[in-house]
Amino acid sequence: MGTTRELTTLAVPLVLTQLAQVALTTTDTVMLGLLGVEALAAGGLAMVIFNQFRTMGVGLVTAVGNQVAAAHARREDVGDLLRAALALATVAGVAGAALMVAVGEGVALLGQDPAVIEKMRPVLWTLAPGLVPCLWFQVVRQFTVGMRRPQALLRITLASIAVNAALNLALMGVLGLAGIGLATSVVYLLTFLALYGSARRDPELAPMLDLRVWRARPATLRRLTGLGVPIAATYGSEAGFFSVVALLVGTFGTAALAAHTAVNQLVYIVFQISVGLSHAASIGVSREAALGDTPSARRIARTALACGAGAMGVVAVVYLALPDLVLRPFLDTGDDTAMGIARSLLTVAAVMQFVDCAQNVGVGLLRGLDDTKGGFRLTLVGYWLVGLPAAWLLAVPAGLDTLGTWLGLFAGLAVTAALLLARFHRTLSALRPLRER
């Protein structure tokens with residue numbers, strides 16, 4: 001019971017914040033659906049590309065929170081960590097924005113509907129600049145979490161949902177689809193400024209806040225980069241897997257891509273529960289492994305997986321019992337073809353989310369043992385050597401089209417989960433218990 005209470009105490013605020021953050025893109029998806037199937041497909045494709053780079057950027061700075069907590073405990077210079085993290089986020093944000101636009105132009109060569117590509121461009125171009133403040137926000141977020149003072153984080157994130165919805169409505173009328181992307185970029189900047197301002201008012205945090213990134217020590221920047229790159233690669237491997245599947249779905253037509261966008265957004269929302277559990281379990285395992293208490297580390301792993309399975313079970317019941325109600329906010333377009341495809345995908349998603357949660361928790365458990373490179377290698381096997389070939393084989397040769405791609409997704413995530421959890425238990429077993437040290 002104690003392990004469950006400790007895990008949920010840490011995980012619940014993280015889950016709520018993750019859900020509030022994903023509400024930004026969910027609001028965008030709902031607004032796109034109001035403009036029609038073609039707009040939903042175009043905006044969905046833009047968000048797939050944006051999320052690919054955003055996810056990798058977030059992974060790049062994920063280790064900052066742990067580093068801040070450790071440095072503060074040792075009474076080391078936390079300000080230098082913040083400076084280095086902001087410098088890393090700035091470089092990654094600018095490079096990612098440029099690559100995002102380039103990738104957007106490249107997808108036109110991959111069999112996508114030209115009309116969808118034309119509508120996608122303005123959304124992507126206005127989303128791209130938002131990557132920089134988005135990553136700045138993540139750095140300050142990790143700083144406040146590492147200092148165990150994230151009180152304002154959830155409030156700011158919740159407020160951003162209302163601001164995003166209002167800006168969407170205002171800018172859509174003036175700029176059309178581009179207004180949705182611009183609204184999201186503006187909200188990322190506002191949330192960064194709000195969280196930074198809140199931290200500046202905190203007497204404990206304020207003395208450590210230093211935005212002079214040019215004063216970051218090169219050694220600190222190299223250390224954060226070395227820790228962040230494998231995590232970014234792991235996150236990017238999964239996001240890339242989903243991105244390539246979206247491109248494959250796009251070859252089956254606008255209705256298929258719209259249905260995929262709607263259901264994928266639902267999966268992405270629920271995935272935030274897994275993210276919170278994964279992060280909480282990772283921190284718990286790090287602590288217990290450092291103490292040599294491997295039985296407690298195993299209990300944390302089991303508890304995280306059990307909590308995830310329980311949450312996914314509740315979601316699966318809702319998906320299967322009320323599919324039209326769940327899909328209506330995203331596909332209230334009168335397009336029977338898109339709705340029919342979405343219903344079949346939702347059935348797959350109801351089962352797929354169990355293994356999706358398990359593999360995400362598995363990544364966190366390995367991160368708790370400082371095994372970030374191993375996690376990355378295993379995701380390459382599960383996603384790219386199993387999942388993607390299975391998606392193509394089931395979709396094209398087997399003739400299952402969009403449903404086949406999602407069955408391939410399920411296969412890839414299931415294999416990845418099994419590999420990650422097996423490695424965690426092997427690695428943990430190799431650690432010497434405290435009594436042997």
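1. H11 passes H13 in a right-handed crossing; a crossing is right-handed if the near helix is turned clockwise from the far one by less than a right angle, and left-handed if anticlockwise. Helices here are DSSP runs (H or I, at least four residues; strands are E, at least two), numbered from the N terminus. This is a predicted model, in which local features need pLDDT of at least 70 and side-chain atom pairs count only at pLDDT 80 or more, while totals for chains, interfaces and linings use all residues. Residues are numbered from 1 along each chain as its sequence is written, and side-chain values use heavy atoms, with hydrogens and water left out.

2. The axes of H11 (residues 294-321) and H13 (residues 336-368) cross at roughly 165° and come within 9 Å. H11 is therefore roughly antiparallel to H13. Axes are lines fitted to C-alpha atoms, for helices over the stretch in contact, with angles from 0 to 180 degrees between N-to-C directions. Angles over 145 degrees count as roughly antiparallel, under 35 as roughly parallel, 65 to 115 as roughly perpendicular and the rest as oblique.

3. On the H11 side, the residues that meet H13 include Ala301, Ala304, Gly308, Met312 and Tyr319. Their counterparts in H13 include Leu346, Ala350, Phe354, Cys357 and Leu365. Contact means heavy atoms within 4.5 Å. The residues of this contact divide into 17 nonpolar, four polar and no charged. Ala, Val, Leu, Ile, Met, Phe, Trp, Tyr, Cys and Pro count as nonpolar, Asp, Glu, Lys and Arg as charged, and the others, Gly among them, as polar.

4. Ser282 lies in helix H10 (residues 254-291). Ser282 counts as buried because its relative accessibility is 1% (buried is under 20% relative accessible area, exposed over 50%, partly exposed in between; 1.4 Å probe, protein chains only). Leaving aside neighbours within four places in sequence, Ser282 is in contact with Gly364, Arg367 and Gly368.

5. Gly181, in helix H8 (residues 177-200), also has 1% relative accessibility and so counts as buried. Apart from neighbours within four places in sequence, Gly181 is in contact with Val123, Thr126 and Leu127. C-alpha to C-alpha, Gly181 and Ala239 are 20 Å apart in space, and they are 58 residues apart in sequence.

6. For the whole chain, the secondary structure comes to 15 helices and zero strands. Of the 437 residues, 57% count as buried. Among contacts between residues at least 6 apart in sequence, 84% join residues at least 24 apart. The C-alpha trace spans about 60 × 45 × 35 Å along its principal axes.
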